[in-house]
Amino acid sequence: MQGPFAPPTNGFGSLDAPTPASSPRRRAERYTNDQIIKMVDQHETDMRLLRERMEGDYERYRLKEFQPIDEVTGSPLAGYASYTSSDPRAFANKVMAWLSQAKNLIRVEHTNDKSHDAKADNLKERLAIGLLNSADERLGRMLHPQLQGALAFYVSIRGGYVGGRCMLMKRDDGTTYVDITPWDPQNTHFGVGADGLNWACYKIKKTRQQIQNEYSVTPGDQPRTTDGTTDSEKEGVYVYDFYDAEANRVITTEQTLKASTKHGAARVPVYMALVGNTPMIQPIGTTGVSADVGESIYESVRRVYDKYNNIMSIF
């Protein structure tokens with residue numbers, strides 16, 4: 001698809017054209033708020049099937065009650081007893097326990113150069129361990145799971161492209177803290193160029209109180225909400241946390257919560273990786289391939305669970 005201000009999309013559903021390696025990196029000021037919203041919402045549309053698969057797998061993990069279906073009409077069968085197996089949750093919890101409790105090994109390879117000081121490599125390892133520990137302490141203070149545990153959940157249940165924000169932040173008093181915040185893949189949007197990420201955005205709903213606490217800005221009523229209501233306290237406000245290679249900007253559909261601010265990183269300060277080895281492909285005569293990218297742990301058992309629940313419901 002094409003946007004009104006960019007070339008055709010690439011394989012990741014991005015509205016950004018590939019950026020030549022010799023070209024200067026894009027600036028956040030290049031995009032207006034409306035352009036950011038259009039880019040993010042277009043990526044959301046392009047990856048709709050993948051996002052629907054993620055939501056379906058999460059409902060499977062939550063043990064959503066199985067609903068028998070009429071195999072002829074495809075309509076739900078009302079008034080019949082149903083059985084919902086707990087296997088999807090037990091299986092996922094076991095996998096997540098393996099991943100979250102796995103030993104995290106950090107190694108900096110020593111070189112054979114005799115003039116190289118091996119102590120420098122040891123200090124690099126200690127720095128990386130300290131940064132990760134500091135990030136986990138911050139996540140704990142915010143009542144979030146630790147980084148490895150959160151990523152274990154997203155890799156297992158969501159799949160797709162797993163990542164988040166990775167920055168050194170400065171407080172008002174001048175002290176710094178490590179901000180490594182994992183993002184829900186279902187709400188993560190991005191554009192890829194010739195040398196990696198061109199931009200990334202985390203789009204989630206926040207209440208008026210959350211926005212006030214985080215940005216010291218009181219959001220006005222948001223008329224463009226999903227059910228047509230202007231009561232943003234009731235439904236929440238979509239917040240776009242946008243990053244490019246130079247700056248970060250936070251906006252809603254109606255206002256700017258945080259003006260473009262240089263983040264100081266050499267590139268887009270977002271880490272991201274594909275789950276598994278299934279890439280985005282362009283087959284002949286097949287549609288909906290985005291749902292096959294970065295499969296979750298339920299890849300080969302979705303239909304098995306449904307069949308088992310159906311048989312047990314009949315019995």
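Accessible areas here come from the Shrake-Rupley method with a 1.4 Å probe, and for residues only the protein chains shown count as cover. With that in hand, I looked up the surface of the chain: about 18,300 Å², of which 52% belongs to carbon and sulfur atoms.

**Ground rules.** I am working with a predicted model, where local features need pLDDT of at least 70 and side-chain atom pairs count only at pLDDT 80 or more, while totals for chains, interfaces and linings use all residues. Residues are numbered from 1 along each chain as its sequence is written, and side-chain values use heavy atoms, with hydrogens and water left out.

**Confidence.** I checked pLDDT, the predictor's confidence in each residue on a scale from 0 to 100. The chain averages 84, and 86% of the residues score at least 70. Residues 1–28 fall below 50, yet this stretch has 68 contacts in the model beyond near neighbours in sequence (contact means heavy atoms within 4.5 Å). Residues 223–230 are also below 50, with 16 such contacts. A note to myself: where pLDDT is low, the predicted coordinates should not be read in detail.

**Overall fold.** I found eight helices and eight strands; these are DSSP runs numbered from the N terminus, helices being H or I with at least four residues and strands E with at least two. Of the 315 residues, 39% count as buried, where buried means under 20% relative accessible area, exposed over 50% and partly exposed in between (1.4 Å probe, protein chains only). Among contacts with a separation of 6 or more, 62% are between residues 24 or more positions apart.

**Helix α2.** I tested the length of α2 (residues 48–61) first. Its 14 residues should span 20 Å at 1.5 Å a residue, and the end C-alpha atoms are 20 Å apart, which agrees; the expected span is 1.5 Å times one less than the number of residues. Next I listed the buried residues of α2: Leu 50, Arg 53, Met 54, Asp 57, Arg 60 and Tyr 61. They are on the same side of α2, because they cover an arc of only 120 degrees around the axis, taken from the directions from the helix axis to the C-beta atoms. The buried residues of α2 pack against α3 (87–100), α5 and α8 (302–314). After α2 comes Leu 63, with a positive phi near 60 degrees.

**Arg 158.** Which helix holds Arg 158? I found this residue in α5 (residues 147–158). Arg 158 is buried, at a relative accessible area of 7%. A polar atom of the Arg 158 side chain lies 3.3 Å from the backbone oxygen of Met 54.

**His 189.** I then moved to strand β3 (residues 188–193), which holds His 189. Is His 189 buried or exposed? His 189 counts as buried, with 1% relative accessibility. The side chains of His 189 and His 43 are joined by a polar contact of 3.1 Å; that term means a pair of N or O atoms within 3.5 Å, where within protein one must be able to donate a hydrogen and the other to accept it, and residues adjacent in sequence count only if both atoms are side-chain atoms. Asp 41 is 148 residues from His 189 along the chain, with 8.6 Å between their C-alpha atoms.

**Arg 267.** My last stop was the loop between β7 (256–262) and β8 (270–274), where Arg 267 lies. Arg 267 is exposed, with 57% relative accessible area. Beyond residues up to four places away in sequence, Arg 267 touches Asp 244 and Ala 245.
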